[in-house]
Amino acid sequence: MTTYLLSRTGKDARSRLAERLAADGLRLYHHAALAALADLGPHTQRELADRLRLDPSDLAKAADLLAARGWIDRTRDPADRRRLTLTLTPAGRTRLSALQDEARDVQDAVLAPLDPAGRAALHALLLRLHGGMAG
């Protein structure tokens, strides 16, 4: 079935990227958090957990690692000391760029059997499918 092939290909691609990230002690959600902060700007820790559909305690652990590596800053809200705002640092932006290169390498490997026209057609079809599911 087409849906099985789509699922299997996605899982294989995800596993390949996860293996590369694991070599540096990272998980896919670390990459996702950095990318979200780069694309959307600072977020409270709770907002980012909701956006990424992560358990808040998992995001808290991820934020600990990202902050320890200097890739994000965490600042406390003076009005509510429990609330933390996460902001991408310049070092985080640099690391995200390297992570995006890793993701592109995996994508290129997965899509290697397709020529540029096939890749463009697949991308267009997947966008159409994804858009159809959003409603």
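**Figure 1. The Lys61–Asp58 pair in helix α4.** Lys61 and Asp58 both belong to helix α4 and sit three residues apart, about one turn of the helix. Helices are DSSP runs of H or I with at least four residues, strands are runs of E with at least two, and both are numbered from the N terminus. The two side chains form a salt bridge, with the closest N and O atoms 3.8 Å apart. A salt bridge here is a side-chain nitrogen of Lys or Arg within 4 Å of a carboxyl oxygen of Asp or Glu. Lys61 is exposed, at a relative accessible area of 52%, whereas Asp58 is partly exposed, at 30%. Exposed means over 50% relative accessible area, buried under 20%, and partly exposed in between, with a 1.4 Å probe and protein chains only. An α-helix has 3.6 residues a turn, so residues three or four places apart point the same way. The model is predicted: local features need pLDDT of at least 70, side-chain atom pairs count only at pLDDT 80 or more, and totals for chains, interfaces and linings use all residues. Residues are numbered from 1 along each chain as its sequence is written, and side-chain values use heavy atoms, with hydrogens and water left out.

**Figure 2. Helix α4 and its buried face.** Helix α4 covers residues 56–68, 13 residues in all, and reaches 18 Å from its first C-alpha to its last, close to the 18 Å expected at 1.5 Å a residue. The expected span is 1.5 Å times one less than the number of residues. Leu59, Ala62, Ala63 and Leu66 are the buried residues of α4. Seen down the axis of α4, these buried residues fall within an arc of 105 degrees, so they line one face of the helix. The arc is taken from the directions from the helix axis to the C-beta atoms. Lys61 and Ala68, on the other side of α4, are exposed. The cover over the buried residues of α4 includes α2 (28–40), α3 (45–52), β2 (72–77) and β3 (80–88); contact means heavy atoms within 4.5 Å. Gly70 follows α4 and has a positive phi, near 80 degrees.

**Figure 3. Helix α5 and its buried face.** The end C-alpha atoms of α5 are 30 Å apart, which agrees with the 30 Å that its 21 residues should span at 1.5 Å a residue. Gly92, Leu96, Leu99 and Val106 are buried in α5. Viewed along the axis of α5, its buried residues fall within an arc of 75 degrees, so they line one face of the helix. They pack against α1, α2 and β3. Pro90 and Thr94 are exposed residues on the face of α5 turned away from its buried side.

Figure 4. Side chains of opposite charge can pair when their charged atoms come close. Arg20 and Glu102 meet in a salt bridge at 2.9 Å, N to O. Arg20 lies in helix α1 and Glu102 in helix α5 (residues 90–110), so the pair ties together parts that are 82 residues apart in sequence. Both partners are partly exposed, Arg20 with a relative accessible area of 37% and Glu102 with 28%. Arg20, Glu102 and Asp105 are linked in a network of salt bridges. In another pair, the side chains of Arg104 and Asp101 meet at 3.0 Å, N to O. Arg104 and Asp101 both lie in helix α5, three residues apart, about one turn of the helix. Arg104 is partly exposed at 45% relative accessible area, as is Asp101 at 38%. A search of the whole structure finds eleven salt bridges.

**Figure 5. A nonpolar surface patch.** Leu6, Leu114, Leu122, Leu126 and Leu129 form a nonpolar patch on the surface, with about 390 Å² of accessible area together. Patches take residues with over 30% relative accessible area and no salt bridge, joining like charges within 9 Å and nonpolar side chains (Val, Leu, Ile, Met, Phe, Trp, Tyr) within 5 Å. Accessible areas come from the Shrake-Rupley method with a 1.4 Å probe; for residues, only the protein chains shown count as cover. Helix α6 (residues 116–134) gives the most to the patch, with three residues. Leu6 is found in helix α1 (residues 2–22) and is partly exposed, with a relative accessible area of 43%.
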